[in-house]
Amino acid sequence: MVPAYVPNPVAALCGGGTPIDFHRNYTDGRRILGDGKTYRGLACGVLAGIAAGALQIWLSDTYGWIFLPQQTAASITILALGALLGDMAKSFIKRRLGKDRGQAWPIADQYDLVAGAFVLMLIFDPGWVFANITLPILIVILILTPLLHRAVNIIGYASGVKKEPW
Ligand code: CTP
Ligand code: MG
């Protein structure tokens, strides 16, 4: 999951500039995605996730670290892109529910990246899911994700990178 965990904090660090929805509103008069989803954040985040995955591949090839999951160029790209597509899909639904940018939406804010990464993986590389995501691993992911999310966001808030500690 490393390539899926890296994009969000990196997007928060380097995001900004033109929003993906170009400031446009949806039919309900609210923003399509909002100012929290930008092209720069998306590009930096996905590239950083792929770089983290490439490091995993390099480590397992160089040192024979077979305990690492079997990552491929496709799997790391899908995990990184899926994480931020899930984040965007969440923001789209969040705006439709009338929640403003940055407002907390528990559960969705924490699991959007997992849902996005898994859905994209099931579409484009289902074999990877069945080979790597066993039930115990899924349980660890479901427990670890909100804890990591909370910890990283508190660090982001304390260091001034994020406006909210969630
Ligand atoms: N970010 C970005 N581009 C993205 C994703 C995130 O620029 N595709 C940056 C934005 O600066 C955003 C920050 O990362 O404010 C934190 O991301 P997130 O918490 O997902 O966004 P929110 O601002 O909380 O917006 P939303 O309510 O839509 O989730
Ligand atoms: Mg947020």
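The text below turns to the ligand and then to the pockets.

The model is predicted. Ligand 1 is surrounded by 18 residues, and the closest are Lys37, Thr38, Ser91, Arg95 and Arg101. By class, this shell holds three nonpolar, seven polar and eight charged residues.

| Protein atom | Atom of ligand 1 | Distance |
|---|---|---|
| backbone N or O of glycine 36 | nitrogen | 3.1 Å |
| polar side-chain atom of lysine 90 | oxygen | 3.2 Å |
| side-chain N or O of serine 91 | oxygen | 2.6 Å |

Taken alone, ligand 1 exposes 570 Å², of which the protein buries 90%. Two or more residues of the shell come from each of α2 (7–14), α3 (39–63) and α4 (73–96). Helix α4 contributes the most, with five residues.

At least two lining residues come from each of α2, α3, α4, α5 (108–124) and α7 (135–158). This lining has 15 nonpolar, 15 polar and 12 charged residues.

The second largest pocket has a volume of about 240 Å³. Its lining consists of 13 residues, with Met1, Pro69, Ile133, Ile137 and Ile141 nearest the centre. The elements α1 (2–5), α6 (126–132) and α7 each give two or more residues to this lining, and α7 gives the most, with five. In this lining, 12 residues are nonpolar, one is polar and none is charged.

Conventions: Residues are numbered from 1 along each chain as its sequence is written. Chains are lettered from A and ligands numbered from 1 in the order in which they are written. This is a predicted model: local features need pLDDT of at least 70, side-chain atom pairs count only at pLDDT 80 or more; totals for chains, interfaces and linings use all residues. Side-chain values use heavy atoms; hydrogens and water are left out. A residue is near a molecule or strand if one of its heavy atoms lies within 4 Å of it. A polar contact is a pair of N or O atoms within 3.5 Å; within protein, one must be able to donate a hydrogen and the other to accept it, and residues adjacent in sequence count only if both atoms are side-chain atoms. Accessible areas come from the Shrake-Rupley method with a 1.4 Å probe; for residues, only the protein chains shown count as cover. Helices (H or I, at least four residues) and strands (E, at least two) are DSSP runs, numbered from the N terminus. Ala, Val, Leu, Ile, Met, Phe, Trp, Tyr, Cys and Pro count as nonpolar, Asp, Glu, Lys and Arg as charged, and the others, Gly among them, as polar. On a 1 Å grid over the protein atoms alone, a cavity is a set of points where a 1.4 Å probe fits but cannot get out, and a pocket is an open set with protein on both sides within 12 Å along at least five of seven lines; lining residues have an atom within 4 Å of a point. Grid points are joined across faces, edges and corners, and a volume is the space filled by probe spheres set on the points.
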